[in-house]
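Morning, everyone. Let me take you through one assembly, chain by chain. Here it is on the screen.

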Amino acid sequence: MDPISLVGALLILIGVFVGALLKGVSPVAFFTVPAAFLIVVLPTFGAAFLGTTTSDAKNLPRLFKMMFRKGEGEDGDVVPTIVGLGERARRDGLLSLESELDQLEDPFLRKGLQMVVDGADPEIVEEVLDSEIRAMSSRHRQGAKMITSMGTYSPTFGIIGAVVGLIVTLGKLDNPSELGHGIAAAFIATFWGVFLANGIFLPWAAKLGRLSALEVARKRMLVEAVLGIQSGFNPRVLGDLVRSHLPPSRASSTAEPERSSA
Amino acid sequence: MDPISLVGALLILIGVFVGALLKGVSPVAFFTVPAAFLIVVLPTFGAAFLGTTTSDAKNLPRLFKMMFRKGEGEDGDVVPTIVGLGERARRDGLLSLESELDQLEDPFLRKGLQMVVDGADPEIVEEVLDSEIRAMSSRHRQGAKMITSMGTYSPTFGIIGAVVGLIVTLGKLDNPSELGHGIAAAFIATFWGVFLANGIFLPWAAKLGRLSALEVARKRMLVEAVLGIQSGFNPRVLGDLVRSHLPPSRASSTAEPERSSA
Amino acid sequence: MDPISLVGALLILIGVFVGALLKGVSPVAFFTVPAAFLIVVLPTFGAAFLGTTTSDAKNLPRLFKMMFRKGEGEDGDVVPTIVGLGERARRDGLLSLESELDQLEDPFLRKGLQMVVDGADPEIVEEVLDSEIRAMSSRHRQGAKMITSMGTYSPTFGIIGAVVGLIVTLGKLDNPSELGHGIAAAFIATFWGVFLANGIFLPWAAKLGRLSALEVARKRMLVEAVLGIQSGFNPRVLGDLVRSHLPPSRASSTAEPERSSA
Amino acid sequence: MDPISLVGALLILIGVFVGALLKGVSPVAFFTVPAAFLIVVLPTFGAAFLGTTTSDAKNLPRLFKMMFRKGEGEDGDVVPTIVGLGERARRDGLLSLESELDQLEDPFLRKGLQMVVDGADPEIVEEVLDSEIRAMSSRHRQGAKMITSMGTYSPTFGIIGAVVGLIVTLGKLDNPSELGHGIAAAFIATFWGVFLANGIFLPWAAKLGRLSALEVARKRMLVEAVLGIQSGFNPRVLGDLVRSHLPPSRASSTAEPERSSA
Amino acid sequence: MDPISLVGALLILIGVFVGALLKGVSPVAFFTVPAAFLIVVLPTFGAAFLGTTTSDAKNLPRLFKMMFRKGEGEDGDVVPTIVGLGERARRDGLLSLESELDQLEDPFLRKGLQMVVDGADPEIVEEVLDSEIRAMSSRHRQGAKMITSMGTYSPTFGIIGAVVGLIVTLGKLDNPSELGHGIAAAFIATFWGVFLANGIFLPWAAKLGRLSALEVARKRMLVEAVLGIQSGFNPRVLGDLVRSHLPPSRASSTAEPERSSA
């Protein structure tokens, strides 16, 4: 679990509910208006479901877990592996990589090198790996889109809840005390609509987008590495190529021993 | 019919109308202000029609039915077919595919292979199939655009309805009881504008976009498959290529027997 | 004139003005507040003019007429013409097309074939025709942008009108009856701002965009046809290529006789 | 100065200030609330400056003057010049253009032809001219972005001004007459925020974008002309190529004599 | 430190707080409602953190310092260096550049030339440098995205704060004096939400975007320079190429001596 997710969630909850307490609203009050909850939550999920397919909607639990996941692919751990594979391939030929495949953790790297070992043309290796990245990225985008759509639906259903509440309340305008309580209750739906969007759905969609960007970047780096190994690149050039995809801090921590040993 | 569409529609209707009932507004009330309905619904369709052409507008009923349609193209059923065609073509030559064409369900795949059998150049096969995909995708986009435009017009006409209602009501500010009822009635138009946009038009447009993306992805995969068959790709490579377009779950379910038999 | 434009305009006018009548506002009332009209309409055009050049602004009347124009280029009428030209060119050579040029209605197709007859290189034919399409498309986009900008300016000037009205009215808060009438009058500007945007400017801009997309698609098809004729494509392939740009309904109506005669 | 700019500015000023006068607000009133002015204008410029660099901000006066400038590059005046240069180059060789360079007004055309005369490779001529266009276009975009940002900041600072005004006023709710005046004064800030955005900043940014698009289009045409001259294109083809970038009206006015003399 | 940043920050602070003082609100008042602060600030950071990864969030202090940094890369200082390196390379061969590398301040230029000296293929030099630029640009974009997201979250949490305040206040509608103070306090949260977004977060994100664009443009120029040196371009052409990336004012100040000495 990514610690920043916990920090983020706590900051949101403390900010909003302790803030409300300081203002004089017991946080419990937000949960005692079931109609507000009903008008905001159900139609938000309903509209998102109506705009997608059954197999997309089934991904929802998996997408939820990703909200708290660590980003991967920014570490330079893969650099020595790639450089080692490149050295082996230059020394003993591409077929010698076969014996190394089982020790590779990353299935994408393994798949690419398997194709290289099988003797596939570089254009076909690139095409297969690229279309796998594109298909993955488009699945990710669809997930983020569904969650983003919840973040745009929920405040509008919050407005609907408020409008419904105001319609009820304004029908009895002659009782000012009841009027105030009615408008207050109407605003509970607005609260939930805006809160769910900005405290949950939109950050969740942003996290999905970020994780996807990191995974796509990592896989693009692996494609270049696989093609570089297949072309028999000098291991130092191969290291430069892989490190050029990494942030300077990570790249340099792996670069120095490599460069000095050259 | 895609079951999630029904779930989505029910969640929206239950959430909004049962929620309103709990608040104390009979759902019937929303239907008893014909002016609100008139000001929101007619101009929303009118503005969408004014911004399009007759032949686009005629698509409306067909587009409506698509709101409930299943997405297609994510299943791996086509993999064994493609691999089989590739094997046949390598064994017996491209012309041998002619006899297989009638058994193919997919007209796009059939059309592409017919061109291959007819001996068309690969560049021309790709150009014809690609421009068919582009034309289809641009027709789909136009449909989604028209529905999206309804989703942006309807809340604004809801505002117009509310403004008109407020103009009437504020003219008789001295009668507070009537004032409340007037404002409440004015808000009915706002309700319809926001509800139609977020409960119908925007999810509908999202569904159209999703179905289009799935169909485009499927057709792009078929283009690569047709070109791969024409180039005489190794059937295993052909399988890898097609599976690289599929989500991992579907791809693996079709991959194992293939890989193990290799 | 495109019939859907008339339908659209009527739906907007009936919806808004009959709806207002049902609410109890005489549509005449909207026209009796000249200040509202002045604050919304003049600055909307003014801001659009300030953001463009004299020669763009002179296009306004021509753009207005296009709001009601039919879309073109989706019919398959051009398919037999193209196939016929292709057959003639293969049979009698490219120069034989010279005699056909005068009978071609479409000036773009004529211009392209004239260049072919004149013996220009295919790359130059493509470059000249493509840059003509790009220049046309960018002129169209500029027109749609100007009208879209009116659709974004007009509601904001409607807000300015309301704010000015409220400033006047709130200065005399002690007279509640006058207050109501003042706020009602202030909302007339809001009405005009939102109505002009959503009832006229935005649909108008959408129509301009749609007509442009259809014309660009048609011209792109003609470029491919001209280049195909120049390359001496088989007429059947030429027909496939042209039809791949058309919607299935139109394409098939022209395809059958062609395919069966092949 | 572009006459439409004057027309636009006058329409905005007349519409808003005469409209306000008709409503009963003396335009002078808008200028008598210095706090409103202070809260809107200073932070709008401040936020734009904070988001940019010193050298960008120094461009502000130059950008202001461009709001009233004529668009250039849509006239066909350059066609005969290009065709003449092309004829000269074909007749007397590329070096003969050297003597013509001093008479060329356009520094971009002169620079391109100087490189041609100097014997630079076509790829390098294209690369240098293209990267000059890209750099210019990105400078223009930055200018338009800074002004657009003012157009988005100013209404939000208008809201801040209104909120501050309301906070003051609502603190003394027991005095209804003062309340009205307070809210009215609070709305002056809203007025300025929305007015400056839609009456000045956003049209200004649109004008900058339009001028940039015209200049980029003109320079792209000149790049194609320079490369065409260097490749020794037939002058008629050169004329076709240049005219394909122009609107039909301008293109035809220069086309006829050319075509008839061919 | 970029002086315009200080000017911008001062204009914002003076405008808003002196403006508020003139209106009659002591700026101190904004800081005396801890609940408003809590509801806006904590959840804004929380939502941004929830939508990102730990390593992104750790960049926050570094990103903050960049708000006040000068833009780099627009000066023409690098032109003579590049031209000198190009002359040296043509005269003494590419290996002679090795001795110059230590004197180069720019690590990116040094890295590129090191690869050239090491004898790497031009395609690989370009690929390594380009993917370094792309990786840097995507890291920058992620930083700007996180800050932009704060700028969109903060006004919405400001609305949540206002809604919570209104819920409290409207519960006791019978006490008009308390009502006013309650609504005023509720608006403090709105003030902070809108102020933090437009006075800090959005300008900050714009500055990050601007600095990134300048650095990317500078690095792209260096890539072209390195490749030009490797290809043995004429130093004058090299100068033209580098200057084509600079604004005219800077380019000309470095161009004249160069051109005149040619």
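**Which chains touch**

Let's start with a pair that stays apart. Chain A and chain D share no contact, and their closest C-alpha atoms lie 16 Å apart. Keep in mind that this is a predicted model. Chain C and chain E do not touch either. There, the nearest C-alpha atoms are 16 Å apart.

Now to chain C and chain D. How many residues are in contact here? On chain C it is 45 residues, and they meet 58 residues of chain D. The area buried between these two chains is about 4200 Å². Carbon and sulfur atoms give 73% of that area.

The rule finds two salt bridges across it. One of them joins D:Arg210 to C:Asp56. In that bridge, the closest N and O atoms are 2.6 Å apart. As for polar contacts, the count between chain C and chain D is nine residue pairs, both residues at pLDDT 80 or more.

So which elements of chain C give two or more residues to the side that touches chain D? Four names to write down: helix H2 (34-50), helix H3 (54-57), helix H8 (122-170) and helix H9 (176-230). H8(C) gives the most, with 21 residues.

What about residue type? The side of chain C that touches chain D divides into 27 nonpolar, 12 polar and six charged residues.

To recap the pairs. Over to you for comments.

Methods: Residues are numbered from 1 along each chain as its sequence is written. Chains are lettered from A and ligands numbered from 1 in the order in which they are written. This is a predicted model: local features need pLDDT of at least 70, side-chain atom pairs count only at pLDDT 80 or more; totals for chains, interfaces and linings use all residues. Side-chain values use heavy atoms; hydrogens and water are left out. Contact means heavy atoms within 4.5 Å. Buried area is the accessible area (1.4 Å probe) that two parts lose on being put together, summed over both. A salt bridge is a side-chain nitrogen of Lys or Arg within 4 Å of a carboxyl oxygen of Asp or Glu. A polar contact is a pair of N or O atoms within 3.5 Å; within protein, one must be able to donate a hydrogen and the other to accept it, and residues adjacent in sequence count only if both atoms are side-chain atoms. Ala, Val, Leu, Ile, Met, Phe, Trp, Tyr, Cys and Pro count as nonpolar, Asp, Glu, Lys and Arg as charged, and the others, Gly among them, as polar.
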